[in-house]
Amino acid sequence: MASRSSNMLSRANRIRQKLQAALEASVLEVEDVSYQHAGHAALKGEEPNESHFNVKIVSPNFDGQSLVKRHRMVYDLLADELKTGLHAISIVAKTPQESGLPKS
């Protein structure tokens, strides 16, 4: 039953849940910008539906990780979404120190 209810969540909410659970984010912003990509060639005339997102995440789990590694962590967590219609994601991934937040 739990998996059935998670399938009913919007993609934005699933992204939030996956990232928050794994990365213990102190800041997590998930913005659906799919509307900006109407007519995008990859969508082949389809109306974009939760296909493009901007994500800002601040996590202590990023400490000591390169920018590439941080992005890879996010992409790995969202692998299922990328296989099922998530077309593009813009990622800002910072440590609490880089964001100016106090260390937790």
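Student: In which sense do β1 and strand β2 pair, and over how many bridges?
Tutor: This is a predicted model. In it, β1 and β2, the latter covering residues 52–58, pair in the antiparallel sense over 6 bridges. Individual partners can be named as well: valine 27 has valine 58 in β2 as its bridge partner, and leucine 28 stands opposite isoleucine 57 of β2.

Student: Which strands does the sheet contain, and in what order?
Tutor: The sheet is open and is formed by 3 strands in the order β1-β2-β3, with mixed pairing. The edge strands, each pairing on one side only, are β1 (27–32) and β3 (88–94). On average, neighbouring strands of this sheet are turned by 10° against each other, direction ignored.

Student: How do β2 and β3 run, and how many bridges join them?
Tutor: These two strands run parallel and are joined by 7 bridges. One of the pairs is asparagine 54 with its bridge partner in β3, serine 90.

Student: How many helices and strands does the protein chain have, and what pattern do they follow?
Tutor: There are 5 helices and 3 strands in the protein chain. Read along the sequence, they follow the pattern α-α-β-β-α-α-β-α.

Student: Which residues touch the most other members of the largest nonpolar core?
Tutor: The general idea comes first. In soluble globular proteins, nonpolar side chains tend to be buried together. In this structure, the largest nonpolar core has 17 residues, and Ile15, Leu19 and Ile57 touch the most other members. At least two residues of this core come from each of α2, β2, α3 (67–77) and β3. The most is given by α2, with 4 residues.

Student: Which residues does leucine 19 touch, not counting those up to four places away in sequence?
Tutor: With those set aside, leucine 19 touches Glu24, Leu28, Val55, Ile57, Val74, Leu77 and Leu78.

Student: How many of the residues of β2 are buried?
Tutor: Strand β2 is mostly covered, with 5 of its 7 residues buried. For the protein chain of 104 residues, the share that counts as buried is 31%.

Student: Why does histidine 52 count as buried?
Tutor: A residue counts as buried when its relative accessible area is under 20%. Histidine 52 counts as buried because its relative accessibility is 3%. This residue lies in strand β2, and its side chain is joined to that of serine 51 by a polar contact of 2.8 Å.

Student: Is valine 58 buried or exposed?
Tutor: Valine 58, also found in strand β2, has 1% relative accessibility and therefore counts as buried. In space, valine 58 is 8.7 Å from glutamate 24, C-alpha to C-alpha, while the two are 34 residues apart in sequence.

Student: Where is glutamate 24 placed, and is this residue buried or exposed?
Tutor: Glutamate 24 belongs to the loop between α2 and β1. Its relative accessibility is 52%, so glutamate 24 counts as exposed. The backbone of glutamate 24 also deserves a look: phi is near 50°, a positive value in a residue other than glycine.

Student: Where is glutamate 50, and is this residue buried or exposed?
Tutor: The loop between β1 and β2 holds glutamate 50. With a relative accessible area of 19%, glutamate 50 is buried. Leaving aside neighbours within four places in sequence, glutamate 50 is in contact with Ser10, Arg11, Ala12, Asp32, Ser34, Gly85 and Leu86. Its side chain reaches the backbone nitrogen of alanine 12 at 3.3 Å. Glycine 85 is 35 residues from glutamate 50 in sequence, yet their C-alpha atoms are 7.8 Å apart in space.

Student: What share of the contacts with a separation of 6 or more joins residues 24 or more positions apart?
Tutor: In the protein chain, that share is 66%.

Student: What is the accessible surface of the protein chain?
Tutor: The accessible surface comes to about 6400 Å², and 51% of this belongs to carbon and sulfur atoms.

Key: Residues numbered from 1 in each chain as written. Predicted model: local features only at pLDDT ≥ 70, side-chain atom pairs only at ≥ 80, totals over all residues. Heavy atoms only, no water. Pairing = 2+ DSSP bridges. Axes fitted to C-alpha atoms, helices over the stretch in contact; angles between N-to-C directions. Core = buried A, V, L, I, M, F, W, Y, C linked by side-chain atoms within 4.5 Å. Buried < 20%, exposed > 50% of the residue type's maximum accessible area, 1.4 Å probe, protein only. Contact = heavy atoms within 4.5 Å. Areas by Shrake-Rupley, 256 points an atom, 1.4 Å probe, with all protein chains shown as cover. Polar contact = N/O pair within 3.5 Å; in protein donor to acceptor, adjacent residues only side chain to side chain.
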